[in-house]
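Reader: I would like to learn how to read a helix and a sheet from a set of coordinates. Could we take them one after the other?

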Amino acid sequence: MKKVVILGDSGHSKVVADLIHSNEGMSLTAKLDDRYDEVFVGEGVTKGPISHLRQLLQEESNIYVVLGIGSNVVRKKLVKELGVPRSSFISLIHPTAVISPSAVIGLGTVIMPRVVVNADTIIGDHAILNTGSIIEHDCKVADYTHISPQAILAGGVAVGEGAHIGAGASVIPLKTVGEWSTIGAGAAVVSNINRKVTAVGVPAKEIRKEGI
Ligand SMILES: CC(C)(COP(=O)(O)OP(=O)(O)OC[C@H]1O[C@@H](n2cnc3c(N)ncnc32)[C@H](O)[C@@H]1OP(=O)(O)O)[C@@H](O)C(=O)NCCC(=O)NCCS
């Protein structure tokens, strides 16, 4: 049985906990969050500050870590600060997700119900592929990205590190969304989007720079 620790104990972590429960052979062992000052048992799992992770990794075997934090910026910051080996992280894939055998999924990435990832797509580490999103063939989705519910990336799309594609947004084939950019909910991306901008609408237009 793989024992999984979730870092973060708020909204997104609830969905990540459900993912763990939906996977046979995994159990949720702890939820760590810096809003806790001390270690205690709550709702049947260990809770405590994130600093408790080191002790858990030392004391327990077969233990893995996943981030239950929605902010792409915070997930990256935390991974850098933790300094734990990459192999400590585990990816979680809901049983209803359809993942091509030729797709590559990074470590620490969470894939929610009814996601589709098609052939030869590469997903980085610590990404969130949210409920019902579709990532078509030959896409490259970098680390710390978030593809929101029902968003669609057509074939050959590239999404840079930390970028957030809003709920129900679409990106047409072969376009690039630059790193740390945000695409608004419902947008249609029909041209390349620069890095660190916010773009909204149909077709998507930049409304702000440094949009993270
Ligand atoms: C794009 C987004 C990040 C902008 O948020 P924001 O920086 O707070 O922007 P504001 O709400 O101040 O809106 C700025 C302008 O953009 C418009 N706008 C905002 N989001 C828009 C969208 N998705 N589509 C079209 N226009 C949008 C607003 O109407 C406003 O227009 P105005 O200046 O003419 O009044 C946000 O609206 C959004 O769509 N986020 C996606 C959220 C999501 O899908 N989350 C999934 C979680 S699971």
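Author: Let us begin with a definition: a residue is called exposed when its relative accessible area is over 50%, and buried when that area is under 20%. Please keep in mind throughout that this is a predicted model.

Reader: With those cut-offs, which residues of helix α3 are buried, and which are exposed?

Author: In α3, which spans residues 72–82, the buried residues are N72, R75, L78, V79 and L82. Because these residues cover an arc of only 130° around the axis, they lie on the same side of α3. On the other side of the helix, K77, K80 and E81 are exposed.

Reader: What do the buried residues of α3 pack against?

Author: They pack against several elements, among them the strands β1 (2–7) and β5 (63–67) and the helix α2 (53–59).

Reader: And what can be read at the two ends of α3?

Author: At its start, a side-chain oxygen of S71 comes to within 3.3 Å of the backbone nitrogen of V73, while just after the helix G83 adopts a positive phi of about 60°.

Reader: How should I then read a sheet?

Author: In general, the strands of a sheet pair through backbone hydrogen bonds, in either a parallel or an antiparallel manner.

Reader: How many bridges join β19 to β22?

Author: Two bridges join β19, residues 170–171, to β22, and these strands run parallel; V171 has V189 of β22 as its bridge partner.

Methods:
Residues are numbered from 1 along each chain as its sequence is written. This is a predicted model: local features need pLDDT of at least 70, side-chain atom pairs count only at pLDDT 80 or more; totals for chains, interfaces and linings use all residues. Side-chain values use heavy atoms; hydrogens and water are left out. Buried means under 20% relative accessible area, exposed over 50%, partly exposed in between (1.4 Å probe, protein chains only). Helices (H or I, at least four residues) and strands (E, at least two) are DSSP runs, numbered from the N terminus. The arc is that of the directions from the helix axis to the C-beta atoms. Contact means heavy atoms within 4.5 Å. A polar contact is a pair of N or O atoms within 3.5 Å; within protein, one must be able to donate a hydrogen and the other to accept it, and residues adjacent in sequence count only if both atoms are side-chain atoms. Two strands pair if DSSP finds at least two bridges between them.
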